[in-house]
Amino acid sequence: MKQTLKNSFPRKKLVLVISSMILICLLQISLNGYAASNEPGTANGLFWLWRFLGRLHPVAVHFPVALLLFAAILEMFTFKNFNSNLRPGIKIILAAGAIAALLSTIMGLLLSKEGGYEKELANLHQWTGIATAAIGSIAFILLHYILKQDKKNLISFYRSLLFISAIGVAAAGHFGASLTHGKDYISATLPWSKDYDASTKGNFDISTFKNDTAKLTKQQAIELNVQVRAILAHNCYKCHGPEKIKGDLRLDRRDMIFKGGENGAVVIPGNPTGSDLFRRISLPSSHKDAMPSKGKKLSDGDIAIIQFWIQKGAPWPDSSEKSIFRLAPLAPRDPALPVATDKLSNPIDLWTNQYFVKNKINWPAVIDDKTFLRRVSLDLIGLLPSPEELEKFTADKRTNKRAILIRQLLNRQDDYSSHWLSIWNDALRNDYTGTGYITGGRFNITDWLYKSLRSNKHYDQFVKELINPTDASKGFIEGIKWRGVVNASQRTEMQAAQNVSQIFLGLNLKCTSCHNSFISDWKLTDAYAFANIFSDTSLEINRCDKPTGKFTGARMLWKELGAIDSSAKRNVKLAQLATNMVQPNNGRFYRTIVNRIWAQLMGRGLIEPVDVMDNEPWSQDLLDWTASNFQKNNSDIKELIYLLTTSNTYQLPSVGLKDASKIVSQQFQFNGMLRKRMSAEQFSDVASTIIAPIFVDSMLMYRPEYTKGPLRPIWSRASLVANNPFLISLGRPTRETVSTSRESQSNLLQALELTNGDRFNAMIKKGAIAWKKQYVSSDKIIKEIYSRALGREAQPSEYTIAKKILGTEPSTDAIEDLFWIILLLPEFQIIY
Amino acid sequence: MNHHWNRREFLKGSSTAAIAALAAGAPLAGFLASCNTSKIKATADTVILLWMGGGMAHTDTFDPKKYTPFTKGMMANDVLSTFKSVPTILDDVYFSEGLESIGKVMDKGTVIRSYVAGDMGHILHSRHQYHWHTCYKPPQSVAAPHIGSWISNQLGPVNSVIPAFIDIGQRFSLGEGEELKAFHTAGFLGNEFGPFLIPDPSAGLESVKPPVGMNINRFEKRNQLYNELMSKSPIGEMGSDYQKESMRRSMEQAYILLKSPEAAAFDLTKEPKESYDIYNTGKFGLGCLMARRLTEKGARFISVTTEYEPFKNWDTHDNGHTRLVDMKKQIDGPIAQLIKDLDRSGHLDRTLVILASEFSRDMMVEGRPELKVQEQVNQPDIIQELKNYGMHRHFTDGCSMLMFGGGIKKGNVYGKTADERPCKTVDKPIRIEQIHQTIYHALGIPQDTHYVIEKRPFYTTPDGLGKAEMDLFS
């Protein structure tokens, strides 16, 4: 075989390939020398054409990738018959692929001189690329030779080379993509990837220490230890923590972990392979000794960190007080406002500007009058502007007309209150019907809430009255009492502790009201101490619904927020809690509300989720300043809304997301308001005003003053009626639990309700009859519905379609169909 | 336009929507893909739950004890059953009089006589029903999903145009309606997986046909023009938002369902008269008929209830004996026919039919013997009137269930209650976690299926505990 090869190989062409490869290598070396003679990292000295060609590399590489792979695929179809009619095609494709590979390689070498790539990976990419180009070319020459000389004995050699080059081009492509997009660009999207849930990611980057034989600094040891504890907390504490001590082993404390379990030591410092802990987490999950025995195997990265930690002597510094969980600072912070520019004066904009500069984002132009009016009306009062309002507003020439409009909207007391009532009803789980009322175990607070919103009760006072309530406002802390025995973590005092901390502090105590939290540093006793404030007597601590016989006093969650007199009566404790909660020093309290209002208006909070205030905001300064400013400004919610909506930041063009999960991403970048979908109430109210009432006066469950007179409107705001299948399908929650955001996705059940639901269709029918009488002609109806629902005229193409529906003499059926279509357009339902 | 929705597409679509929905909502946040660590081979594709809401007395239905006929002045404590026992097709297995037809199909299923209901103190039916349907005791700090929603979420529909979770026969305008709503929900899984409600099966078709007064031509035209206008709308140029995308998709699904031939499954008038008549014992019977028709067209989870209304139907606080005569008439024929029909058409092999109630009843014991709750029914020790003759107190320690098909043992009796008062479970007690896991197991849903909600794992059954009862499977 060797002999044959030697004698029969096409020398001329081989020489050609080899010499071109040598040329490439020379080019590589000379370029190296060139770059080295310049400042490191700069390629500016490189001739422009070379730089240009270099930058074409990422584009050009797609040719060899596609061509070589395609050639290899086609080759597979020729296994039975080498001289298949595919052969000439394969030859051309392979030739093109080989040439493209050579050219790409040269371009790649040019590009590499610009620098900026991770060296190890770049080297790997480079040499796979060069090898692929070479092998591909040889494969082509072989093929040419085989065909010309009919050397059948070389076929399998040729095929091997072709397939190697296909694999090589794929590998080179992968390395290249990793260079461009990062190593885990593709794999990070997979649910089983470690990066998919970044919660256990810490500050400690093991790769920087890999080859470092030196001792860790104290700081490094702490960081590493924190990282290890985070891994243990998320994967092991459930069975080897304070609650369950399986195998007599606890991993949550220094003394316990080194003591080991029933089988002896599990960590031998300096000896990972001898440590049972490392051995068992490394086993395949099918192995009987594998840990965790329930749940997922640890990621390779986590295992590597544990290994490294043990290798480094398993440091667990005594002074290691640092929590593994992020806890946001409690105190208020009032950063100095950036200096105003000639273009920007609203403080919100100054902070946004700072953020934009830092993130290299350009200010887009603010939205036009029409879009602004629609957006701000829906956001502030939950209604659409009428065509007359729109006309008046666009015609208004005053430069401050937007600010004037915002004031006017905020002053429409009942419209404003009815809109924000829904948002607060969700958060305070206040409803007219629901569980608990049947046995007197629940109290409605609508009258208090509506009037508080209407009078713009300052937020500190608002919360004080909810926490230390009168009969009218006691519903929130009294919670829902089901008849019968309930789980200890759901007694009404604990419900109050959970809901007060979630709604007013963005803190989740739900875990902690049953056992010490695995996901924060809060302890069971903290939850009980907080719940005791809402109780006449001290509650017996239950762990996972089992009485422990232990008791604790009444305490704030943060001792900095002041004391509670444990021995005092409930009403005294509640008064103390109310005062402590709203004190200016409670920065978290003010940040929480500012973030909620921000989220309402901007479609996403500065912090997300809005109930997890320990997460990082996308601009800490903006949040801190706004919260401090809000507190100093008498905690005036309307003023806060005014400040936010008069900003250019609010008036930026809206941004749509392809994927709703991006909303809560911690890598979120702010570019403008995120598009929202109308809530159930907004949709009903708007449809009621432009077509016909969905809810009428007789359905009111609460009657504000304006609904009592003879001039009362015939239609009712959806926030004032009992929940019903129509509103439920559009996302109004049942309010069994507090909730702070609505589902904005559509689903089949909702679509069915809107397609053939009685309530919706009855409304449309009623409207069609009235419109037919009032407007008579198709043209007028089309004009009116477009202007009222969409705030614009129909484009000619739309007009044609609408006319197809209505005909010249519109029937009520036809008008119904047009209404239905318009109301279901995303353009109508989305707040943009 | 020609639509070809296959199951995979629908599943894919619905799960991305769910993920997105979950991620978007703060109460739903902290979501992680649910864990499916182990593969189980499913023995069922469809579940039909026949719900005897209100508390069905085991000693007067599927677990009869010594019969004591009514006489004036009789001792209440002597009465264990108010009906005669009648034989079933199984040797030495007896049911209570009035359940003869079901007795005759017991060669196709299992009677469970040892279900032990949850302990929740003071009896509130809806609370125990919440527990039965969600496996969690209310209240909960996150909204717990109905078992039908879990199944819908995990498996999607069998036939893409038939909603995955259909609930037949319950109205929510009655007493405790709000409490019933609290568990007739997909909870944190999101509305997408909520129940498709058909309160009245004879009007079931209304829910799945174009609006009243709209013929199919107009319906099609409307939809076509909707799509045309949507494509012309300038907001269409703003790229594809997830909201817009989900609206478009769901409207299309609704449209397809409403004009699909499968919608006829909801139309009971299409059923041949002789068959219709057997089922037509009232709302429940027709519900069984609809369940059968939907199963044949590809349904995932269907609940049919005798309907819970305080002091009505199975909620016998008085006249227990008399009222059970009627209740049995309602259920006996339709259930037997449902089993026979499914068996004949071959669907029973892949359909798990379950009959259950939130708890049982007894004449004397309230709650359970060692853990008595406050007495809620006044029962005289000496019975003078017929109205006091019956099982009127709420009993949780021994309840009967039936299971047919979907891999369940045939001709089997599982568990046992005592033959003397208290007629409590004495062998193989089985609880709600095991029942749920058994259902999930039959469907191939792993035991540790869960979501992470607010950073806490929320399992199909609390803490992922409870094991499928393998003894129930053949």
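Biologist: How many helices and strands does chain B have?

Modeller: Helices (H or I, at least four residues) and strands (E, at least two) are DSSP runs, numbered from the N terminus. In chain B there are twelve helices and 20 strands. This is a predicted model, in which local features need pLDDT of at least 70 and side-chain atom pairs count only at pLDDT 80 or more, while totals for chains, interfaces and linings use all residues. Residues are numbered from 1 along each chain as its sequence is written, and chains are lettered from A and ligands numbered from 1 in the order in which they are written.

Biologist: How compact is chain B?

Modeller: The radius of gyration is taken over C-alpha atoms, and the globule rule is 2.2 Å times the number of residues to the power 0.38. Chain B has a radius of gyration of 23 Å, close to the 23 Å from the globule rule for 474 residues, so it is as compact as a globular protein of that length. Along the principal axes, its C-alpha atoms fill a box of roughly 80 × 55 × 40 Å.

Biologist: What share of chain B counts as buried?

Modeller: A residue is buried if 20 or more other C-beta atoms lie within 10 Å of its own, exposed if 12 or fewer, and partly exposed in between; C-beta atoms are placed from the backbone. In chain B, 59% of the 474 residues count as buried. For chain A, 46% of the 832 residues do.

Biologist: Is B:Asp91 buried or exposed?

Modeller: B:Asp91 counts as exposed, because it has 7 C-beta neighbours inside 10 Å. B:Asp91 sits in the loop between β3 (85-87) and β4 (94-96) of chain B. Its C-alpha atom is separated by 32 Å from that of B:Met74, 17 residues apart along the chain.

Biologist: In what order do the strands of the open sheet in chain B lie?

Modeller: Two strands pair if DSSP finds at least two bridges between them. Here eight strands of chain B form an open sheet with mixed pairing, in the order β7-β6-β8-β1-β9-β15-β5-β16. At the edges are β7 (196-198) and β16 (412-414) of chain B, each pairing on one side only. Within the sheet, β1 (residues 46-51) and β9 (residues 351-356) of chain B run parallel and are joined by six bridges. B:Leu50, for example, has B:Leu355 in β9(B) as its bridge partner.

Biologist: Which strands do helices α10 and α11 of chain B lie across?

Modeller: Axes are lines fitted to C-alpha atoms, for helices over the stretch in contact, and angles run from 0 to 180 degrees between N-to-C directions. Helix α10 (residues 283-297) of chain B lies across β1, β6 (165-168), β8 (301-305) and β9 of chain B, at about 170° to β8(B). Helix α11 (residues 320-344) of chain B lies across β1, β9 and β15 (399-404) of chain B, at about 170° to β9(B).

Biologist: How many residues of chain A are in contact with chain B?

Modeller: Two residues are in contact if their C-beta atoms, placed from the backbone, lie within 7 Å. By that rule, 72 residues of chain A are in contact with 65 residues of chain B. On the side of chain A that touches chain B, α29(A) gives the largest share, seven residues.

Biologist: What does the secondary structure of chain A come to?

Modeller: Chain A has 34 helices and four strands.
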